[in-house]
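Welcome! Let us take a short walk through this structure, stopping at a few places along the way.

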Amino acid sequence: MWGGRFSEATDSFVAAFTASVGFDQRFARHDIEGSIAHATMLKECDILTADEVATIIEGLQQVLREIEAGTFNWSITLEDVHMNVESRLTNIVGAVGKKLHTGRSRNDQVATDIRLWLREETDNIIALLVRLQSGLLSLAEQHTDTIMPGFTHLQTAQPVSFGHHVLAWFEMLYRDTERLVDTRRRINQMPLGSAALAGTTFPIDRTITAELLGFEGICQNSLDAVSDRDFAIEFTANASILMMHLSRMSEEIILWMSAQFNFVQIPDRFCTGSSIMPQKKNPDVPELVRGKTARVYGQLMTLLSLMKNQPLAYNKDNQEDKEPLFDCVDTLTGSLLAFADMLPNITPNKENMRAATMKGYATATDLADYLVRRGVAFRDAHEVVGNAVALGIKEGVDLSDLSLTQLQQFSDAIGDDVFDFLTLEGSLAARDHLGGTAPNQVKQAVINGRARLKAFA
């Protein structure tokens with residue numbers, strides 16, 4: 001492979017240690033796509049003849065068919081996917097196959113392959129995100145009036161609808177989708193033509209190759225083009241935020257499925273049992289997603305650490321960028337596939353949610369707001385409600401179960417209409433503004449969400 005420069009063969013251990021073909025063969029289709037575009041450009045620039053390029057392209061297509069059929073013989077002695085493909089091409093078409101590498105280097109070749117591959121994976125992940133978000137919108141639409149406690153500090157705070165809570169998950173994922181769409185633009189820049197680091201002496205036209213490969217821009221500096229992995233780090237950072245959101249959702253589902261909450265059930269197909277305790281239904285999918293989040297974080301740290309002290313331009317260190325990125329994409333894709341099927345099929349236990357909402361004096365803020373509308377300063381209203389809650393705790397009842405006389409001992413601003421504001425339905429309906437939990441606002445948010453998702457179609 002190295003021609004005449006070396007006087008002895010590579011040590012067999014070193015060959016195995018430095019080879020990447022065991023994992024970068026994943027780029028085979030993208031490598032061949034890039035090679036076909038590169039050969040086409042060489043023809044258009046009169047660097048290779050039309051007959052030579054036709055022969056090369058026909059040979060590359062045969063190589064791809066062999067790879068897809070599983071009959072291709074991958075060789076570790078050829079080190080990587082690029083040399084394996086080129087070697088097989090030369091076996092098929094003869095010496096003309098050796099002309100394919102004119103005007104390029106493995107440095108810009110691999111940088112192109114990884115961008116082509118990650119662009120495709122990003123599109124797949126965005127599609128999965130849209131599918132998941134669509135499912136969440138449908139779930140929210142079904143439960144605009146299903147009441148549950150909203151929490152702060154994991155303590156009952158105020159009543160919300162289950163649909164409103166689901167829409168909070170939607171918003172998290174919407175930001176994730178926006179980030180990936182934005183990152184895709186930086187992924188979709190073409191390094192091919194930068195050669196090893198300084199460009200090439202051949203009269204190439206990079207715009208031809210970029211158009212053939214669907215790149216929306218061309219890397220402007222050859223040194224940066226072959227050594228840049230910012231786009232992979234940015235993708236993995238976005239994946240880490242996305243997984244953090246999935247992990248937060250997982251934590252809530254895990255808590256809500258416990259006997260202590262008993263708020264929701266997820267289908268049996270996303271759960272497992274116990275080898276010893278027959279009553280168990282374990283939320284293994286959300287637990288595993290919560291655990292896999294740490295794995296994606298680790299891949300981000302790997303890529304950041306890999307790049308932190310590399311001088312320009314390309315270094316062999318960059319061979320280590322692929323496995324963390326592959327694992328990140330696989331983990332994220334698997335997690336999204338599971339959630340896209342699982343989350344829309346959550347079944348809330350409405351009665352338990354409502355009962356839990358009644359236990360935590362969730363309408364206390366509504367009573368304070370009622371007093372403010374009656375002319376009581378908010379801080380004074382806060383104290384009045386605090387005293388009423390203390391009485392409720394002493395009596396073992398909710399605010400709505402206290403008598404009018406009991407409530408009026410704390411403030412003469414309280415009238416007999418107060419109970420209209422202490423019901424759970426009244427509390428939800430009162431928050432009737434953009435972003436609020438009122439059922440009609442949740443319904444409108446679902447409509448708006450569907451319209452917003454069309455931007456990613």
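We begin with a pair of strands in this predicted model. Strand β1 (residues 147-152) and strand β2 (residues 155-161) run antiparallel and are joined by six bridges. One of the pairings to look for is G150, whose bridge partner in β2 is Q158. Together β1 and β2 make a hairpin with two residues between them, and in that turn H153 has a positive phi of about 55°.

The space in the largest pocket comes to about 680 Å³. Its lining counts 32 residues, and those closest to the centre are H164, H165, L167, A168 and W169.

| Residue type | Number in the lining |
|---|---|
| Nonpolar | 16 residues |
| Polar | eleven residues |

Our last stop is T40, which you will find in helix α3 (residues 28-44). Is T40 buried or exposed? T40 counts as buried because its relative accessibility is 18%, and the cut-off for buried is under 20%. The T40 side chain reaches the backbone oxygen of I36 at 2.7 Å. Leaving aside residues up to four places away in sequence, T40 touches V53, I57 and L212.

Methods:
Residues are numbered from 1 along each chain as its sequence is written. This is a predicted model: local features need pLDDT of at least 70, side-chain atom pairs count only at pLDDT 80 or more; totals for chains, interfaces and linings use all residues. Side-chain values use heavy atoms; hydrogens and water are left out. Helices (H or I, at least four residues) and strands (E, at least two) are DSSP runs, numbered from the N terminus. Buried means under 20% relative accessible area, exposed over 50%, partly exposed in between (1.4 Å probe, protein chains only). A polar contact is a pair of N or O atoms within 3.5 Å; within protein, one must be able to donate a hydrogen and the other to accept it, and residues adjacent in sequence count only if both atoms are side-chain atoms. Contact means heavy atoms within 4.5 Å. Two strands pair if DSSP finds at least two bridges between them. On a 1 Å grid over the protein atoms alone, a cavity is a set of points where a 1.4 Å probe fits but cannot get out, and a pocket is an open set with protein on both sides within 12 Å along at least five of seven lines; lining residues have an atom within 4 Å of a point. Grid points are joined across faces, edges and corners, and a volume is the space filled by probe spheres set on the points. Ala, Val, Leu, Ile, Met, Phe, Trp, Tyr, Cys and Pro count as nonpolar, Asp, Glu, Lys and Arg as charged, and the others, Gly among them, as polar.
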